[in-house]
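Good morning, everyone. I would like to walk you through a few local features of one structure, so please take a moment with the sequence and the coordinates on the screen.

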Amino acid sequence: MTLAHGAGGQSSAALFDAVFAPAFANAWLDRHEDGAVLDVPAGYRLVVSTDSFVVKPRRFPGGSIGHLAVHGTVNDLAVMGAQPRWLTAAFVLEEGLAIDELSAIVADMAEAATSAGVSIVAGDTKVVERGAADGMYITTTGIGVRSLDVHLGADQVQPGDRVVVSGPIGDHGVAILMARGDLQLTGDIRSDSASVYPQAAALLAAVPDTRWLRDPTRGGLASALNELVRECGLGVWLDEPTLPVNPVVAGACELLGLDPLYIANEGKLVAIVPHDQAEAARAALGPAARVVGEVAPEPEGMVVLRTTIGGTRIVDLLVGDPLPRIC
């Protein structure tokens, strides 16, 4: 990359034609206009979400910053009950970045977008001086459509509802930690970076009364549930023996003094569903899903864990950032 690639002239056009246009080709982008005009089906609402991605390293077991740039925004739409349809993408690139690496990351984005059923319809590229951007930052904005009969939110949650997670927690954060190599840890663990839309759609079809959905990314399951209880004014009780955690993740967390409840995920969702539909929800989410807790009137605004040894402990909001630059 050179600064000329971000100057809007011939080099910018050449970069677009060589890297972005072939990878993201679609009817909207091919018009080469300043925006995309999108037709929304009757009977639907628009759902919009934006996220930025600064992961280090940019490539890791199970994915790359390109995969995250698609999956992270797609998943924010999916847990809002929307079908992801379109993305825009903005790149901040550092002078000196290899064009081959950029092309590979863009190819990852195209692969992830195709798999998730979304089109990248608009975007922007800026190039900054050496040392100003650590290689590459990506921001994506997603647009989805949601049926008028979908109603999700903390205000829907009731005492007695169950907490369901779609699979093992903490895989992404630990995969990133091991990929950095700073702590000389080894283990067979891959990021769970993936679209959760198929699972969210299956859940809403099987359990239309689903109360609330979230993808527990930064801050993990603990932070997602703390945000919930502070919004709804109720409490959540988790059962430690039911929490799905891969042995490699559990081992790494034990060695480093980390808690899997606070480790990021990029391909999981947590749902609150009526108590009498918890098994239907678990079945819809797949064989790795688990019912891990319940909503209760007390303690108001708190998450409490029933431990394996029979005690209890408060699971509070994360203080600080034990694993920075993970998404």
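Predicted model: local features only at pLDDT ≥ 70, side-chain atom pairs only at ≥ 80, totals over all residues.

Asp134 is found in the loop between β5 (119-128) and β6 (136-147), and although it is not a glycine, Asp134 has a positive phi of about 50°. Its relative accessibility is 32%, which counts as partly exposed. His32, which sits in the loop between α1 and β1, also is not a glycine and has a positive phi, here of about 60°, and at 54% relative accessibility His32 counts as exposed. I point these out because most residues other than glycine have a negative phi, and most peptide bonds are trans.

The one joining Lys56 and Pro57 is cis, with omega at about 0°, and Pro57 lies in the loop between β1 and β2 (59-60). The bond from Glu298 to Pro299 is cis as well, with omega near -5°, and Pro299 belongs to the loop between β11 (290-296) and β12 (303-306).

Turning to the aromatic side chains, which residues form one aromatic cluster? They are Phe20, Phe24 and Phe91. Phe20 and Phe24 are four residues apart in helix α1 (residues 10-24), so that about one helical turn separates them. The rings of Phe20 and Phe91 have their centres 4.8 Å apart and their planes at 45°, and the pair is therefore tilted. This pair links distant parts of the chain, since Phe20 is in helix α1 and Phe91 in strand β4 (residues 83-94), 71 residues apart. As for burial, Phe20 is buried with a relative accessible area of 5%, Phe24 counts as buried at 7%, and Phe91 counts as buried at 2%.

Finally, two further sites. Asp259 lies in the loop between α7 (247-256) and β10 (270-273), and its side chain is joined to that of Arg313 by a polar contact of 2.8 Å.

Technical notes:
Residues numbered from 1 in each chain as written. Heavy atoms only, no water. Helix = DSSP H or I, 4+ residues; strand = E, 2+ residues; numbered from the N terminus. Polar contact = N/O pair within 3.5 Å; in protein donor to acceptor, adjacent residues only side chain to side chain. Buried < 20%, exposed > 50% of the residue type's maximum accessible area, 1.4 Å probe, protein only. Phe/Tyr/Trp six-rings, centres within 6.5 Å; stacked < 30°, edge-to-face > 60°.
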